[in-house]
Amino acid sequence: MAGQRRVAGVPSAPSAGRSGIAIGLFSPLPERYDLLCEVLSLGQNRRWRRAMVGPIAERRPARVLDVATGTGAVAIELADRCDAQIVGCDLTDSMLRAGRRRVESAGLDHQISLTRARAEHLPFPDGAFDALTFTYLLRYVEDPGATLAELARVLKPGAPMASLDFLVPPSLPWRLAWWCYTRIVLPAAGWAAGGPPWWRVGRFLGPSITAHDRRYPVAWTVQAWEAAGMVDVHAKAMSLGGGLVMWGRRAGG
Ligand SMILES: C[S@@+](CC[C@H](N)C(=O)[O-])C[C@H]1O[C@@H](n2cnc3c(N)ncnc32)[C@H](O)[C@@H]1O
């Protein structure tokens, strides 16, 4: 897998590396994150999350890891739909703090625990989990293929994995509308709703989605899951191609 390359059009990082970009972007966001995520995604984020979690919850896993959990939305969705013990991990302390408050006020602290960990080096033994979810993660890692292998490592043989990310809509008219939305509306609406931190996110996201999609198209990502030891890998584009949900299971079992 190729190493990191500077991506034209993506604002420079507050500290070195993609983890630095993520920490710089997300640290000021948690207070309004859950609301603005739904508003700025025009309600699609919730739909995509539900679609991703559904097949995982149906398998009734005993122990699930949610990577890049942020404020815990996926972990809470999982807890609402199955009895699993859920560990959520993330890089950004302020997101985790907001997540812990959210989990506590939902009365789910007996079922969900949130911890600081990097997706690239998970502090869990091989085969520790019965299922794994991750959302909007791979644009923030230097080597998506190696990170996928690390995620697969902590799954039991046969255990399912699911992911959610943004995508560039494939059809030209929708791509044009998406481009206008991500390059013009998103930064402006971000500024209006959340001030400078959300303007920065609005400016970052569109070019980052385009750059990631060019460098790691869906076919590449499917192959990278397979190279990481996953089988039955399938991908579903949602909302006219603006979102991508993927599922697979670790070989064996
Ligand atoms: C867009 S947020 C998604 C949060 C949550 N999953 C959701 O759907 O609302 C992306 C999250 O990925 C986290 N992140 C970025 N790089 C990471 C890494 N290498 N390891 C763990 N978490 C990471 C960020 O801190 C941020 O909280």
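This is a short talk about a predicted model and what its helices, strands and ligand shell look like.

Okay, hi everyone. Two bits of housekeeping. Residues are numbered from 1 along each chain, as its sequence is written. Since the model is predicted, local features need pLDDT of at least 70 and side-chain atom pairs count only at pLDDT 80 or more, while totals for chains, interfaces and linings use all residues.

Let's start with the ligand. How many residues surround the ligand? There are 21, and the closest are Ala22, Ala68, Gly70, Thr92 and Tyr140. Here a residue is near a molecule if its C-beta atom, placed from the backbone, lies within 6 Å of it. Two elements give two or more residues to that shell, α1 (17-26) and α4 (73-81). Of these, α1 gives the most, with three residues. When I say helix or strand, I mean DSSP runs numbered from the N terminus: H or I of at least four residues for helices, E of at least two for strands. By type, the shell has 13 nonpolar, five polar and three charged residues. Nonpolar covers Ala, Val, Leu, Ile, Met, Phe, Trp, Tyr, Cys and Pro; charged is Asp, Glu, Lys and Arg; the others, Gly among them, are polar.

Let's stay with Ala68 for a moment. Ala68 sits in the loop between β1 (63-67) and α4, and its phi is positive, near 60°. Why care? Well, most residues other than glycine have a negative phi. Ala68 is buried, because 25 other C-beta atoms lie within 10 Å. The cut-offs are 20 or more such atoms within 10 Å for buried, 12 or fewer for exposed, and partly exposed in between, with C-beta atoms placed from the backbone.

Now compare Leu42, in the loop between α2 (30-40) and α3 (44-58). Leu42 also has a positive phi, about 55°, although it is not a glycine. Is Leu42 buried or exposed? It counts as exposed, because it has 12 C-beta neighbours inside 10 Å.

Next up, helix α5. Its 13 residues (93-105) should span 18 Å at 1.5 Å a residue, and the end C-alpha atoms are 18 Å apart, so that agrees. The expected span is 1.5 Å times one less than the number of residues. The buried residues of α5 are Met95, Leu96, Ala98, Gly99, Arg102 and Val103. Looking down the axis, they fall within an arc of 160°, so they line one face of the helix. That arc is taken from the directions from the helix axis to the C-beta atoms. The face turned away from the buried side carries the exposed Glu104 and Ser105. The buried residues pack against α1, α2, α4, β2 (85-90) and β3 (112-116), where a contact means C-beta atoms, placed from the backbone, within 7 Å.

Last stop, the core. The largest nonpolar core has 66 residues, and Val67, Leu78, Leu132 and Leu151 have the most contacts inside it. A core is a set of buried Ala, Val, Leu, Ile, Met, Phe, Trp, Tyr and Cys residues joined through C-beta atoms within 7 Å. Its largest share, six residues, comes from α4. Leaving out residues up to four places away in sequence, Leu132 touches several residues, including Val64, Val67 and Leu151.

And that's me done. Thanks, everyone!

Technical notes
Two residues are in contact if their C-beta atoms, placed from the backbone, lie within 7 Å.
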